[in-house]
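I opened this model to see how the chain is laid out. My notes follow the structure.

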Amino acid sequence: MKLLLLFDIDGTLMLSGGAGLRALELAFAEQYDLRGALRGVECDGKTDPAIVREVLGPRGLDTDANIARLLGSYVEHLRATMAAGAASVRALPGVLDCLGYLAARPEASLGLATGNVEPGARLKLDAVGLLGSFAFGGYGSDAEPRADLVRVAMLRGRARERAPAAPAVVLGDTPRDVLAAHAAGALAVGVAAASYPPEALAAAGAELVLPTLERPEAWYPRLCALVAERQALSALGAEGPGPCRPPGSVRPG
Ligand SMILES: [Mg+2]
């Protein structure tokens with residue numbers, strides 16, 4: 001059996017020291033002469049296009065073309081803000097060891113489920129040497145609703161592994177990761193390494209909550225047992241991951 005492990009990036013794998021938010025602010029300033037555009041906007045766990053829409057929407061500017069242009073500008077600024085803030089860009093504790101451990105498991109297939117647009121995700125992961133760890137993913141550039149990009153990641157992972165029924169687990173640091181995982185029919189691991197406490201991730205319904213990704217030899221077997229249990233229930237028709245339908249709002253690319 002193949003198992004898709006879909007990682008969020010910010011706050012789960014790494015911290016970029018606010019470089020992403022600074023780049024977004026610069027893009028809003030450049031494109032719309034908006035200063036402090038993100039003031040009062042809660043970004044945790046939201047996709048890049050959803051954050052941009054939240055800013056442009058009240059101003060009547062949230063067309064798909066405007067959002068795409070803003071995000072193009074964001075990626076250009078991100079190169080510079082990541083370089084300028086390089087000292088505070090880092091992988092979170094245990095991430096490198098965890099990915100090494102999982103990569104050696106024959107059943108584990110490592111992918112991404114991130115609200116970052118794909119070029120932004122690649123810039124961030126490259127900065128901490130993790131770009132080569134993931135063979136596929138779902139991104140904010142695939143879908144604005146987070147659950148839809150999880151569905152995209154599942155479709156891509158299943159196609160890549162030629163395993164059309166492979167179960168999936170999302171590993172993320174916010175309640176929105178947990179809710180999106182469940183909406184897409186995946187299990188959720190809450191990683192309380194950055195912004196949210198374990199209680200918030202448990203309250204959102206995470207099947208497993210970890211303080212960090214450290215010591216995978218302790219938690220990965222438990223996760224596999226949870227997946228097997230869910231698969232058995234699903235086979236009985238009692239409960240389980242729903243079918244992974246192609247999302248309706250996915251844009252090409
Ligand atoms: Mg996150």
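These entries go from the whole chain to its domains.

I note that this is a predicted model: local features need pLDDT of at least 70, side-chain atom pairs count only at pLDDT 80 or more, and totals for chains, interfaces and linings use all residues. Residues are numbered from 1 along each chain as its sequence is written.

**Whole chain.** I found 9 helices and 8 strands in the protein chain. Helices (H or I, at least four residues) and strands (E, at least two) are DSSP runs, numbered from the N terminus. The radius of gyration is 18 Å, close to the 18 Å of the globule rule for 253 residues, so the chain is as compact as a globular protein of that length. That radius is taken over C-alpha atoms, and the rule is 2.2 Å times the number of residues to the power 0.38. I also looked up the box: the C-alpha atoms fill roughly 55 × 40 × 35 Å along the principal axes.

**Where they touch.** I found 17 residues of domain 1 in contact with 14 residues of domain 2. Contact means C-beta atoms, placed from the backbone, within 7 Å. On the domain 1 side, H5 (118–127), H6 (146–161) and H7 (175–184) each supply at least two residues. H5 gives the most, with 4 residues.

Conventions. Contact = placed C-beta atoms within 7 Å.
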